[in-house]
Amino acid sequence: MIKIEHLVKSYGANTAVDDISFEVARGEIVGLLGPNGAGKSTTMNILAGYLSSTAGRVTVDGLNVLDEPLEVKRRIGYLPEQPPLYLDMTVEEYLIFVYNLKGCTLNRTKHLAEICEVVKLTDVYHRLIKNLSKGFRQRVGIAQALIGNPPVIIFDEPTVGLDPKQIIEVRNLIRTLGRDHTVILSTHILQEVQAVCDRIIIINKGKIVADELTENINRVAANTCRYQLKICGPQREVLAMLRDRADVAYAEVLAARDGDAYIYHVESQRGVDIRKSLFFAFSAKGWPIVGMETLGLNLEDIFISVVDKTNAEGDPKKTAKSRRQRTNTAEKDIAQSILDATAAKQEQIAPMEGDE
Ligand code: ADP
Ligand code: MG
């Protein structure tokens, strides 16, 4: 449905989008994730036809954004980072204004009523936009994007500035829309893409550093090899014993205690279940394990690690520093495998024909 090939956008010497390529299939919900300044809004603005590109090709439903801007715009509902609302209009006036602007031919009353039902604006339909809360204004922004029933929806940071309840509502709404639309949303919040998107594309410094199905990332993270143990016994010796084991990749002791037990976080080598052997080993020592709990991996850490690793690239000082730290935690391993898989995929993207 959407195909972006070797997209570049430069502002003078600053390259905001640096050779980005990806495709989005019909019906997919894709999240662009990345720190501020990564190039998310720039990419979305180009996709929506609001910004020209320096190089590369963007097609929507087979139509080139440059050649057929109006046809492309007709297929896209766009919620920019700053929705272009007219505060002195009522919700109704504004939506009618957008309806006319888009040259929409659907039955107006029925169409607008349906949209307001979906985004829950019916109660404030006759209110002035300037008197609405941030959450309701955002819904007005979403409503304008839905006018004309575009098959593609692009939302730039749709939940910024909303309260937790509104965030959940907007996420639910996006998921609902995802059933019969192709959706691209951007966010700098990992939980957001995890909660809503089928696929996560991580952008950093204008480049794609990760492109992976959410379920794959979740599966790897759930297939955990990290445990919290409570062990009664001399702290230093217990820790040394844990670290000496070949099947333990990582062990640390926490500052907290539980009665006379110290609390340890232990990571096994990937795919090894160490629980039984730990039980017998410590039992033989006379140091009882009084608590054992499986810990999930932290997706946030995977995300941070992905971004950190790409930031450190080409910076020998930073790379050296991160090597000196204990690097064999599962999050970093997973981040690296995501980076490697993405790099391999990106390498397979063909150069653009007909150029240069
Ligand atoms: P994101 O949406 O991921 O936060 P943006 O796409 O807004 O990032 O910005 C990417 C980079 O491009 C940033 O470094 C930003 O400063 C720069 N940038 C964005 N718009 C302009 C502009 N109009 N002129 C110059 N630089 C810009
Ligand atoms: Mg942005």
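In this predicted model, the axes of α3 and helix α5 (residues 134-146), taken as lines fitted to C-alpha atoms over the stretch in contact, come within 9 Å and cross at roughly 30°. Angles run from 0 to 180 degrees between N-to-C directions, and because those under 35 degrees count as roughly parallel, α3 and α5 are roughly parallel to each other. The crossing of α3 and α5 is right-handed, that is, the near helix is turned clockwise from the far one by less than a right angle. Val91, Tyr94, Leu95 and Val98 in α3 meet Val140, Ala143 and Gln144 in α5, with contact meaning heavy atoms within 4.5 Å. By class, this contact comprises 6 nonpolar, 1 polar and no charged residues.

The second largest pocket has a volume of about 650 Å³; a pocket is an open set of points on a 1 Å grid where a 1.4 Å probe fits, with protein on both sides within 12 Å along at least five of seven lines, and lining residues have an atom within 4 Å of a point. Of the 25 lining residues, Tyr50, Lys73, Val98, Leu101 and Lys102 are the closest to the centre of the pocket. Two or more lining residues are given by each of α2 (69-75), β6 (76-79) and α3 (91-101), and the largest share, 4 residues, comes from α3. The lining has 17 nonpolar, 5 polar and 3 charged residues.

Residues are numbered from 1 along each chain as its sequence is written, and side-chain values use heavy atoms, without hydrogens and water. Local features need pLDDT of at least 70 and side-chain atom pairs count only at pLDDT 80 or more, whereas totals for chains, interfaces and linings use all residues.

Terms used. Chains lettered and ligands numbered in written order. Points joined across faces, edges and corners; volume = space filled by probe spheres on them. Nonpolar A, V, L, I, M, F, W, Y, C, P; charged D, E, K, R; others polar. Parallel < 35°, antiparallel > 145°, perpendicular 65-115°, else oblique.
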